[in-house]
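Here's a quick briefing to read alongside the model. Keep the viewer open as you go.

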2 protein chains.
Amino acid sequence: MSKQAAALTLNDLSAGQPCCAPITEDRIPAETATVLAPAFKALGDPVRLQLMSMIASAPDGEICVCDLTPAFTLSGPTISHHLKTLREAGLVTAERRGTWVYYRAQPGLMRQLASLLTVEASVLVG
Amino acid sequence: MSKQAAALTLNDLSAGQPCCAPITEDRIPAETATVLAPAFKALGDPVRLQLMSMIASAPDGEICVCDLTPAFTLSGPTISHHLKTLREAGLVTAERRGTWVYYRAQPGLMRQLASLLTVEASVLVG
DNA sequence: ACGCTGTCTTGACGTTCTTCTAATCAGAGA
DNA sequence: TCTCTGATTAGAAGAACGTCAAGACAGCGT
């Protein structure tokens, strides 16, 4: 990384209201793209996309790693690595309770990504 | 490619109605994840995210490569390569008219990605 | 027909990603 | 304290990615 002008972090975005207009309205600033692209990248793997959906759709809002791992034909460390990627992207949080670790989705960031992609009717008609 | 059970393609999804419920409601099937993950991956680069936003927010619904390239400090071939990635992900289409090539967003796929990430109030409150 | 401009493809190089095995850490129970 | 189980970290191999320079292709103008 050579030139990193603005120190815009994920918290600056997920804390406040919607970061910016949908990409159909205005061009995204470079700093915003730098902050949000990693979240999209984290969802850009089939395994992580399924993990994310299992976490986000968990009945109690959380799900144990021990329930996630057997759902795939991948080794435990590999699943753990993918979960770390989702964690570092800010899409999920982890909490250890006793022996087990539970994962929970972060709706704020998800909603931001969704609103960024929202396409209004005007774009379709026009 | 070893085991490719269902021949689910991008067209199967973008042609019809919403592919599936938001990931907050149900776990997405493996085939759907395989089809949609590349679209998220394509958006997972700051340059491509900005390109996508410039294309999607273009006043006439389309924008010339000659307007995209000078907006970045990257070589022409590199921009062209990123545009190809967006094209292969199904997020944009390209059309040559005379000397110039114009890019246009594909709202269908964008709307699918957005609805997949949609978080209802129930998830937040519950 | 020729050259000019705009865009894409090719080939290469260094970096990052995905996956594994092996080793380590955290907590529960005897 | 020792051991057992669940989860993460460390290290390594192979594939994929981002970038550029050089070359190829497409269309316009002379």
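Predicted model: local features only at pLDDT ≥ 70, side-chain atom pairs only at ≥ 80, totals over all residues.

Residues are numbered from 1 along each chain as its sequence is written, while chains are lettered from A and ligands numbered from 1 in the order in which they are written.

**How the two chains relate**

- Chain A can be laid on chain B by a turn of 180° and a shift of 0.0 Å along the axis, with an RMSD of 0.0 Å (a least-squares superposition on the C-alpha atoms of residues with pLDDT of at least 70 in both copies).
- The two copies are thus related as by a two-fold rotation axis.
- Both copies use the same surface, as 100% of the contact residues of chain A recur in chain B.

**The interface between chains A and B**

- Here 36 residues of chain A are in contact with 36 residues of chain B (contact means that the C-beta atoms of two residues, placed from the backbone, lie within 7 Å).
- On the side of chain A that touches chain B, two or more residues come from each of α2 (30-42), α3 (46-56), α6 (107-117) and α7 (121-125) of chain A. Helices (H or I, at least four residues) and strands (E, at least two) are DSSP runs, numbered from the N terminus.
- That side of chain A has 21 nonpolar, nine polar and six charged residues. For these classes, Ala, Val, Leu, Ile, Met, Phe, Trp, Tyr, Cys and Pro count as nonpolar, Asp, Glu, Lys and Arg as charged, and the others, Gly among them, as polar.

- The axes of α2(A) and α3 (residues 46-56) of chain B come within 8 Å and cross at roughly 110°. Axes are lines fitted to C-alpha atoms, for helices over the stretch in contact, and angles run from 0 to 180 degrees between N-to-C directions.
- α2(A) and α3(B) are therefore roughly perpendicular to each other (angles under 35 degrees count as roughly parallel, over 145 as roughly antiparallel, 65 to 115 as roughly perpendicular and the rest as oblique).
- From α2(A), the contact draws on A30(A), A33(A), T34(A), L36(A), A37(A) and F40(A), and from α3(B) on P46(B), L49(B) and Q50(B).
- By class, this contact of α2(A) with α3(B) has seven nonpolar, two polar and no charged residues.

**Helix packing within each chain**

- α2(A) packs against α6(A) at an angle of about 100°, with the axes 11 Å apart. That makes α2(A) roughly perpendicular to α6(A).
- L36(A), A39(A) and F40(A) of α2(A) meet L109(A), L113(A) and L116(A) of α6(A), a contact with six nonpolar, no polar and no charged residues.
- In chain B, the axes of α2 (residues 30-42) and α6 (residues 107-117) come within 11 Å and cross at roughly 100°.
- L36(B), A39(B) and F40(B) in α2(B) meet L109(B), L113(B) and L116(B) in α6(B).

**Around the DNA**

- DNA strand D is surrounded by 25 residues, and the closest are C66(A), P77(A), P77(B), T78(B) and G98(B) (a residue is near a strand if its C-beta atom, placed from the backbone, lies within 6 Å of it).
- α5(A) gives the most to the surface near DNA strand D, with six residues.
- The surface near DNA strand D divides into eleven nonpolar, eleven polar and three charged residues.
- DNA strand C has 26 residues around it, the closest being P77(A), T78(A), G98(A), C66(B) and P77(B).
- For DNA strand C, α5(B) gives the most to the nearby surface, with six residues.
- By class, the surface near DNA strand C has eleven nonpolar, twelve polar and three charged residues.
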